[in-house]
Amino acid sequence: MDLLQNYQDDSGDSNPELRNHPPLEDATATSAPAGVENESSSSPDSSPLRLALPAKSCAPEVDETLMALGVPGSEKKNNYNKPIDPTQHSVTFNPSYDQLWAPLYGPAHPYAKDGIAQGMRNHKLGFVEDSAIEPFMFDEQYNTFHRYGYAADPSASLGSHIVGDLESLKRNDGASVYNLPKREHKKQKLEKKMLQKDENEEEEKEHGEEVDNPSTEEWLKKNRISPWAGKKEGLQTELTEEQKKYAQEHAEKKGDREKGEKVEIVDKTTFHGKEERDYQGRSWIDPPKDAKATNDHCYIPKRWVHTWSGHTKGVSAIRFFPKYGHLLLSAGMDTKVKIWDVFNSGKCMRTYMGHSKAVRDISFSNDGSRFLSAGYDRNIKLWDTETGKVISTFSTGKIPYVVKLHPDEDKQNVLLAGMSDKKIVQWDMNSGEITQEYDQHLGAVNTITFVDNNRRFVTSSDDKSLRVWEFGIPVVIKYISEPHMHSMPSISLHPNTNWLAAQSLDNQILIYSTRERFQLNKKKRFAGHIAAGYACQVNFSPDGRFVMSGDGEGRCWFWDWKTCKVFRTLKCHDNVCIGCEWHPLEQSKVATCGWDGMIKYWYVTLF
């Protein structure tokens, strides 16, 4: 007990609150009068002592100021009917749905312009609600009100739907400007004519003789019809000397033009070599016996080693002789096709003349004994390479932009031509008849490329699309057209036949797969050259390691196939470098042609 008493004294000293409350008093002790000792406090038989601590509540503190402001008694029921004050941040009762969504009352919103919150504004002047009336109905009532003085009011009460002049409403039988009867329309036209006639008569009285004088402004106002309309009296009937001279010159030019179109160009050829056959009886087009590939690895040329100059205008295309490359065929804008010696003399061997306009495209047969030429004179000619004679001529009356023979040996009589009238025309050259037409493009056809073991071919057009066809079936099996695509005037097949390189007119070369899906290879893109606006030829090296293309500034560009980086650039021509061909056997030699009329030969080092 002494220990408890000591503990009590210690705790009482430390806690001032316990000092005021005697913790060791029981019920009998509290009722004892002051000055009387409590005997039970020291008795061992008394009840155990208990510590009396102040009571504590776990409930949060409540601010009673708002409760004091509330209306006591029965007036609290009115809170459930009143709208909520938007400036009040806390609510002391559960509001109903109608109270929460009731419209705002009281003064304007302090933080919104014109009293409307920013999120509710759909017009610079505030919030505009959609009306139930159609625009046509609104225009009808608007024009009717301004015309007759009355209009229908959709927001009016059921008793009166008309606002404005009711007398005018009765006079017009409630008609609007859009549903007037025919008699009213005729009446209005007559009234306008009468008013115009009266105005004209008043003007004639005012101006008098000036109305009849064509040199005055009053006459021009009266005669609003152009003086050149119809036949008028007093117009010039005879031509002056200058007009007669001009008409005569124009007629002569027109006649010469018509005569020039009707005159047929005589097909002829000129051989420029020493002899057409050597002492062993071999033709000049026969390849040399020792012609074979010198190296399987291709190298980028550096040096300009030879120039063939003979075309008087630009050269549009060049083609090496198939497999051997000992001859080079060129198509010129001077209407001539020339073939040049590559291995020996380096001179022109034969000139083929048969087109009346520039030659667009040329193509060898598989053995090189024949070749095709397509000109802007709308003719396609099949030539004998050795003799220079025209075997046959094909035409549809449209300009052929590309000609191609079927690559298969058993189909060397099949000719495909892409025309300016959006068609690909197929001829049988033995019979001279058109056997098929592929008509799906929306623009002139630019290229024809055979893929998939020559069972299919890919065509490009000015309609900025690629289309894949089954040979002999005029139905597109694959159509490639994207918003980012441009026209592709030149396409070349990779030596492994798995990829197509397409010259796009947005200054880049795109690569497409030749498999079933013909997908664009997004990882391979060759750029850096300026080819926009020109059909610069794109080509591959025989081993497929390099991509080559000309550009509009006379350069020839070489890219690495794997890294897609520019490997080398050669300044080849003064004008556009339109064509480039890699030699089929001598893998380090390249021929280029341009619009400057030159054909240049490039090699790795000097001889």
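Is Tyr142 buried, partly exposed or exposed? Tyr142 counts as partly exposed, at 45% relative accessibility (buried is under 20% relative accessible area, exposed over 50%, partly exposed in between; 1.4 Å probe, protein chains only). The views below come from a predicted model, in which local features need pLDDT of at least 70, side-chain atom pairs count only at pLDDT 80 or more, and totals for chains, interfaces and linings use all residues. Residues are numbered from 1 along each chain as its sequence is written, and side-chain values use heavy atoms, with hydrogens and water left out.

View 1. Phe138 and Tyr142 both lie in helix H6 (residues 135–148). They are four residues apart, about one turn of the helix. Helices (H or I, at least four residues) and strands (E, at least two) are DSSP runs, numbered from the N terminus. Phe138 is partly exposed, at 47% relative accessibility. The whole structure holds 25 aromatic pairs. Phe138 and Tyr142 form a stacked one, 6.1 Å centre to centre with 20° between the planes. Rings of Phe, Tyr and Trp (its six-membered ring) pair if their centres lie within 6.5 Å; planes under 30 degrees apart count as stacked, over 60 as edge-to-face and the rest as tilted.

View 2. Phe364 and Phe371 pair edge-to-face, 6.1 Å centre to centre with 70° between the planes. Both residues are buried.

**View 3. An open four-stranded sheet.** The strand order is S17-S18-S19-S20, with antiparallel pairing. Strands S17 (445–451) and S20 (476–480) stand at the edges. Each has a single partner strand, so one side of each is left without a neighbour in the sheet. S18 (residues 456–461) and S19 (residues 466–470) pair over five bridges; pairing requires at least two DSSP bridges between strands. Ser460 stands opposite Leu466 in S19.

**View 4. Ser504 in strand S22.** Ser504 is found in S22 (residues 499–504). Ser504 is buried, with a relative accessible area of 1%. Leaving aside neighbours within four places in sequence, Ser504 is in contact (heavy atoms within 4.5 Å) with His486, Ser487, Met488 and Leu510.

**View 5. Lysines over rings.** The charged end of Lys524 sits over the ring of Trp561, 4.7 Å from its centre. The charged end of Lys589 sits over the Tyr603 ring, 5.0 Å from its centre. The criterion is NZ of Lys or CZ of Arg within 6 Å of the ring centre and within 35 degrees of the ring normal.
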